[in-house]
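Hi,

Here is the model I said I would pass on.

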Amino acid sequence: MTRLDEQATNRDGVRRTVTRTLVVLAGMFAFAFALVPLYDVFCEVTGLNGKTSNTAQVLVHEEVDTSRMVTVQFITRASAGLPWELDVQTRQVRVHPGQSNEVFFTFRNRGGDASRAKAVPSVSPSEASVHLRKLTCFCFQEQRLEGGERLEAPLVFQLTRELPADIKTVTLVYTLYPVQPAQAAVSRRGPIKEGDSA
């Protein structure tokens, strides 16, 4: 094998390695983008990871299980860089499965300009998410507040009687994220209720 043949073989080997590496990188990049929607679908179908429904659910009139009490805790937070606050009037309530309950939350825009935000819920333990019915929730749609404005909004929820007996505490966490003006429709005042369009 001559020196020229050896160099040509090396170049071909390097070219194949670079091509394969670029194909793998492109595949990894595409897979990373596909993960978010796939994960959302997986969580919606299985109820895992504490994701809850994004639409109002119907109140089911079922007998209240007065033999059990479940503690429901509420945690609120805003993402970094968002000049909003989200507070809950009652940090913890004790409820009977099957009973409907109402808790009020307060949004405040501490910034000087109007902005939009959306509260994204999660539930812990994750298996409780399939037993949580949200009838009215500010989390169904983004909120828009002027600078310095304050908004009070209710959450009406129900834990089903089928909630496993070993679950004594359910934690709902609401995290506020900024929404860019070009994104989804805006709720200027109040939460979306059952029957409203989202």
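A contact is a pair with heavy atoms within 4.5 Å. Where pLDDT is low, the predicted coordinates should not be read in detail. For the protein, the mean pLDDT is 81, and 76% of the residues reach 70 or more.

Some housekeeping before the rest. This is a predicted model, with local features needing pLDDT of at least 70 and side-chain atom pairs counting only at pLDDT 80 or more, while totals for chains, interfaces and linings use all residues. Residues are numbered from 1 along each chain as its sequence is written, and side-chain values use heavy atoms, with hydrogens and water left out.

Now the overall layout. The protein has one helix and eleven strands, in the order α-β-β-β-β-β-β-β-β-β-β-β along the sequence. Helices (H or I, at least four residues) and strands (E, at least two) are DSSP runs, numbered from the N terminus. Of the contacts between residues at least 6 apart in sequence, 79% join residues at least 24 apart. Buried residues account for 37% of the 198 in the protein; buried means under 20% relative accessible area, exposed over 50%, and partly exposed in between (1.4 Å probe, protein chains only).

On to the helix. V18 lies in helix α1 (residues 3-46) and counts as partly exposed because its relative accessibility is 43%. V18 also belongs to a nonpolar surface patch with V14, L22, V24, L25 and M28, which together have about 570 Å² of accessible area. Patches take residues with over 30% relative accessible area and no salt bridge, joining like charges within 9 Å and nonpolar side chains (Val, Leu, Ile, Met, Phe, Trp, Tyr) within 5 Å.

Which cysteines does the disulfide join? The structure holds one such link, between C137 and C139, with S to S at 2.3 Å. The cut-off is a pair of cysteine sulfur atoms within 2.5 Å. The C137 and C139 link is right-handed, with 130 degrees about the S-S bond. C137 counts as buried because its relative accessibility is 0%, and C139 does so at 1%.

There's a cis peptide bond to look at too: S124 to P125, with omega near -5 degrees. P125 sits in the loop between β5 (115-124) and β6 (132-137).

Next, charges. Side chains of opposite charge can pair when their charged atoms come close. I count a salt bridge when a side-chain nitrogen of Lys or Arg is within 4 Å of a carboxyl oxygen of Asp or Glu, and the whole structure has seven. Three of them are worth a click:

- R116 pairs with E142, with the closest N and O atoms 3.5 Å apart. This pair links distant parts of the chain, from R116 in strand β5 to E142 in strand β7 (residues 142-145), 26 residues apart. Both R116 and E142 are buried.
- R68 meets D65 at 3.3 Å, N to O, and both R68 and D65 are buried.
- E152 pairs with R150 at 3.7 Å between the closest N and O atoms. E152 is partly exposed at 38% relative accessibility, as is R150 at 47%.

Finally, two loop residues. T160 is in the loop between β8 (150-159) and β9 (169-179), and counts as buried at 4% relative accessibility. Beyond neighbours within four places in sequence, T160 contacts E62, R68, P97, G98, H131 and R133. Q99 is in the loop between β3 and β4 (100-109), and is partly exposed with a relative accessible area of 25%. Leaving out residues up to four places away, Q99 touches V64, F157, Q158 and L159. Q99 and T66 are 33 residues apart in sequence and 9.1 Å apart in space, C-alpha to C-alpha.

Cheers

Note on methods
Areas by Shrake-Rupley, 256 points an atom, 1.4 Å probe, with all protein chains shown as cover. pLDDT = per-residue confidence, 0-100.
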